[in-house]
Amino acid sequence: MNDTNERWFSAFAIVILSIGLVIFLLGSVNQAEAVRDAENANDTELQLFVMVDSEAAIVNDQITELDFAPLLIEHAVYLPLRNMVETMGGQVLYSKSELALMWQGERKVLSDQPANLRQVGGTTYIGARFLSEQMGLGIYFDATKVLVMHHAPQSPSAANPPSSAKLQSLRQQLMPYAPYTVWQKDKLLNGYSNLKAAKQFAVTMENVHIEQEGTVIWDNKPPYLVKQSGRLINRFSTFAEAVRYAEGYASTEVVYKQQSLWAREKQPKPIRMKVEKQFQLPMLARGCEVTSLSMLLSYHGIKADKMKLAKEVKKVPMFEKGSDGKIYRGNPYEGFVGNIYTFREHGLGVYHGPIAELAERYAPGRVVDLTGARFDDLLHVLAAGMPVWVIHNTHYDWLPSSYWTTWKTKAGDIRITYKEHSVVVTGFDERYVYIADPLNRRQKVEIKRFEAGWNQMGKQAVTILPSSA
């Protein structure tokens, strides 16, 4: 090698060594910075607040929205793993063999304790207490569903409970982020991740409603509105109560879900509606109630086979033993009593409550229980174009006392008759009520006779609102 080449080679080597030294020094600086960052992280106080069912977290006084809400599972709080760890500045590490998290420079394997992990709708949840132990955080869970996770440099395992006022403030901040919120007038009461839980809470109180993203989707306010010249003046739980109140004022009407059912100044005009007839025999010896319901649903364009309804209607046994050891009769207010298919076994029938409940499955939000109203009030409903399912008797008239007996049920004594029957009222005129009869015995009955028998059977009636209501 000549002198020129040797000089070039020496210079090249010096350059390579210099570059290597620079890279080494930069790496050392970066490593030192990483260590310093970790040390700083260890020295940084962290406060995190979440609430069960709320899709938000408060980290050091800053609200952060979560993709998934913390849940209460078997009385323990579970947190969406990736959401929570990343919200606190950590990292979740997934691989084929294990699940781990990186927190303040330490790697913690989570998958070796699968009992603390849950899959909910494709999302990995982790037990809150287990996560706090892995991250060295103090934890506190309040009865108001607020969870506190806390890291303080001087006492990393301690989570001092916030004051009651602080907890209430946190709840008010976090509740609006729940998918379903329960309100009483303008006051926010609670938040939930699913509608079922929200309803279970809401039904325990009066005048509350549930919102989803600001829209009211359910309420338990009395549904029958009394309006005077279009202005709401009162509301009631039953049609009968609303009519009794409305009668005391001029220019009033009773409205249910925007459908006018009764108007004080409006005289019901005779009407006859075409309801396709169905007959209960021979398949349903005691199936008049479900056959009549099938006719009512069919009028509104809802297919519901009488045999399917017979299978679905709630049932109670003809005889049942009470906790006191005594034998009681079944209660038709609670379900169909006995055998619906044959007279070879004991049975009776079913009243308005279970029928309205069954109808609600087929016409949700459109079923109106008119039970307790006067017969004249039903004429308003009929005149508005709505046939009415009723409980009556096979004489289509008032029954003498010889047809009645008293049953002892678990709920108390009730008067029943084996002549109990059900038909659909399809119209009326000045003299007659027109019916669709599952036994095909009558097409019309004198109004006064029909009213007397209907009153005697407990004024039971159910209708369905038009689909446009």
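Trainee: How do the residues of the lining of the second largest pocket divide into nonpolar, polar and charged?

Mentor: In this predicted model, that lining divides into 7 nonpolar, 5 polar and 5 charged residues. The second largest pocket has a volume of about 310 Å³, and of the 17 residues that line it, the closest to its centre are Ala285, Arg286, Phe343, Tyr418 and Glu420. Helix H7 (288-299) and strand E30 (420-428) each supply at least two residues of this lining.

Trainee: What volume does the largest pocket have, and which residues are the closest to its centre?

Mentor: The general idea is that rolling a probe the size of a water molecule over the atoms shows where empty space is left. Here the largest pocket has a volume of about 560 Å³, and Pro223, Tyr224, Tyr256, Lys257 and Val367 are the closest to its centre among the 22 residues that line it. Strands E17 (224-228), E19 (252-256) and E26 (367-369), together with H9, are the elements that give two or more residues to this lining, which by class has 9 nonpolar, 5 polar and 8 charged residues.

Trainee: How many cavities of 30 Å³ or more does the structure hold, and which helix gives the most to the lining of the largest cavity?

Mentor: The structure holds 1 cavity of 30 Å³ or more, and the largest cavity has a volume of about 40 Å³. Helix H9 (residues 352-362) gives the most to its lining, with 4 residues, and the residues that line this cavity include Glu312, Pro354 and Arg361. By class, the lining of the largest cavity has 3 nonpolar, no polar and 4 charged residues.

Key: Residues numbered from 1 in each chain as written. Predicted model: local features only at pLDDT ≥ 70, side-chain atom pairs only at ≥ 80, totals over all residues. Heavy atoms only, no water. 1 Å grid on protein atoms, 1.4 Å probe; cavity = no way out; pocket = protein on both sides within 12 Å on 5 of 7 lines; lining within 4 Å. Points joined across faces, edges and corners; volume = space filled by probe spheres on them. Nonpolar A, V, L, I, M, F, W, Y, C, P; charged D, E, K, R; others polar.
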